[in-house]
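Welcome! Please take a moment to look over the sequence and the 3D structure below before reading on.

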Amino acid sequence: MQSVTVELEAASTMELVNALSTIATELAQREAPESAAACLELTEALVAASDMQESALAGFIARVDATKEHARWGYPSTQAWLRSRLGMRDNRVKERLTLARQRHRLPQVAEQLAAGELSYGYAVTVADSVSRLDDHDCAEAETTLLGFVDQGFSAGKVAAFGRRIRDLIAERDDTEDAPDEDSRRGYDKSWLTTTRSLDGGRYVKGWLNPEDAAIWDGTLAPLAKPAGPDDRRDLPERTAAALSSVLSGGHKASKVTVICDLETLTGGNAPARLTDGTPIPAAQARRIALAAGVSPLLLGRGNTPLYLGYRERFASAAQRQVLETLYPSCAVRGCEVPGTLCEVDHVHGWALGRSPTDIDQLALTCGWHNRFKHTNPDQIQITKDHDGRYLYRLLPPADARGTKGAGPPGNIGPPDNPALDWAA
């Protein structure tokens, strides 16, 4: 039995968390008391304590989410980090992320949750109810909903009141039945609008008529199905991955051409460009060239074209079929993107003429992890299993590898390689 001694006011947050972990370990190993009455009382006390822990947890998650720290550890989103690293189900991920993102707008909820005066269930209900309101309406709704809590209404009833508040606000603002610009377009013709964001992403919205919708469903629906019982992505995430796979042509090269100098592709700083003249920074051009659907047009001295693409770089249809059999999902441990939506990755990196496109040198990785592997090679540990499949394990960032408890993300417990001592 371990003993725990902590000076609460002087202890750091990490010391408090470690002490709490030690106590939780001891408590989990004890048998429940014989007295049912005692178990009832202990349950209520433990749940109240757990609710207060959720207040601290919301603060931690909010900081990770705001700074995108998860990306340094190899996770494309906060949701992916919570699902893969911490094993949370989708509903719990949604609850905790909603509370983390809304708590700064809910000072009363945050204060009462931290003080043990409000349950986690009520806090999440209020946070979800105000998530689509502006700051002014959020403040009023918070006070109103907490009033219903004080009156003893259940969390389900408070959620219903929250929906009613949103309806009243829509009615007040005369937005409930007013047709928007998209609706006024009509429904006979399909249309799409796209807007590029400042970080290079793109917002997409539109409408498909029944004929085009049938093509959409027939093409994307099979690809957007869950890869298996462990695929915890929601439907919008799976649909986006399916659309990306179709647009890129899978293993087939697309018509996208990046024009660059040979030196740029091999590490130089000269910018590349698209065929329409759009300039692309050298580092970004090298990342784009990782996509199997992009062909680099390499230029020698005097802008003389050397050759269009390095065709041997792209895996053949037969090779991809073998890879999809070997890799039901992304080779990165914990990533659940189906292999059918992944890109072919040259395990040891692709370089002009120096890395053959042989089946035993290839693996499947999702687009996000393919780029992550290229830009953060020191955070990928590559091994092979007994079936010959490559396994990619995410490693902590270099500045976190000496931190106690900073084991490889996605790998709960000690690392598979005993030579790597993460707690050193």
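The model you see is predicted. Its protein chain holds 16 helices and 11 strands. Of the 424 residues in the chain, 35% count as buried.

**The chain as a whole**

- Consider the contacts between residues at least 6 apart in sequence: 52% of them join residues at least 24 apart.
- The accessible surface of the protein chain is about 25,300 Å², and carbon and sulfur atoms account for 55% of that surface.

**A cluster of aromatic rings**

- A pair of aromatic rings is described by two things, the distance of the centres and the angle of the planes.
- The count of aromatic pairs here is four.
- One of them is made by Phe148 and Phe161, which are stacked, with 4.1 Å from centre to centre and 25 degrees between the planes.
- Phe148 belongs to helix H8 (residues 135–150) and Phe161 to helix H9 (residues 155–172), so this pair ties together parts that lie 13 residues apart in sequence.
- Phe161 also pairs with Phe153, this time edge-to-face, with 5.1 Å between the centres and 85 degrees between the planes.
- Phe148, Phe153 and Phe161 together form one aromatic cluster.

**Helix H9 and its buried side**

- H9 has 18 residues, which should span 26 Å at 1.5 Å a residue; its end C-alpha atoms are 25 Å apart, which agrees.
- Which residues of H9 are buried? They are Val158, Gly162, Ile165, Ile169 and Ala170.
- An α-helix has 3.6 residues a turn, so residues three or four places apart point the same way.
- Helix H7 (120–130) and H8 are among the elements that cover the buried residues of H9.
- After H9 comes Asp174, which has a positive phi, near 55 degrees.

- Helix H5 (residues 90–102) has 13 residues, and its first and last C-alpha atoms are 18 Å apart, close to the 18 Å expected at 1.5 Å a residue.
- The buried residues of H5 are Val93, Arg96, Leu97, Thr98, Leu99, Ala100 and Gln102.
- What covers these buried residues of H5 includes H2, helix H4 (78–84), helix H6 (107–114) and H7.
- In helix H16 (residues 367–375), the buried residues are Gly367, His369, Asn370, Phe372 and Lys373.

**Arg238, a buried arginine**

- Arg238 is part of helix H12 (residues 235–248).
- Is Arg238 buried or exposed? Arg238 is buried, because its relative accessible area is 11%, and the cut-off for buried is under 20%.
- A polar atom of the Arg238 side chain lies 2.8 Å from the backbone oxygen of Arg233.
- Leaving aside residues up to four places away in sequence, Arg238 touches Ala224, Lys225, Pro226, Asp231, Arg233 and Leu341.

**Two exposed residues**

- Lys68 sits in the loop between helix H2 (36–67) and helix H3 (69–72).
- With a relative accessible area of 55%, Lys68 is exposed.
- Most residues other than glycine have a negative phi.
- Lys68, which is not a glycine, has a positive phi, near 60 degrees.
- Gln2 lies in the segment before helix H1 (13–28), and at 62% relative accessibility Gln2 counts as exposed.
- What distance separates the C-alpha atoms of Gln2 and Ile23? These atoms are 8.7 Å from each other, although the two residues are 21 residues apart along the chain.

Definitions and conventions: Residues numbered from 1 in each chain as written. Predicted model: local features only at pLDDT ≥ 70, side-chain atom pairs only at ≥ 80, totals over all residues. Heavy atoms only, no water. Helix = DSSP H or I, 4+ residues; strand = E, 2+ residues; numbered from the N terminus. Buried < 20%, exposed > 50% of the residue type's maximum accessible area, 1.4 Å probe, protein only. Contact = heavy atoms within 4.5 Å. Areas by Shrake-Rupley, 256 points an atom, 1.4 Å probe, with all protein chains shown as cover. Phe/Tyr/Trp six-rings, centres within 6.5 Å; stacked < 30°, edge-to-face > 60°. Polar contact = N/O pair within 3.5 Å; in protein donor to acceptor, adjacent residues only side chain to side chain. Expected span 1.5 Å × (residues − 1).
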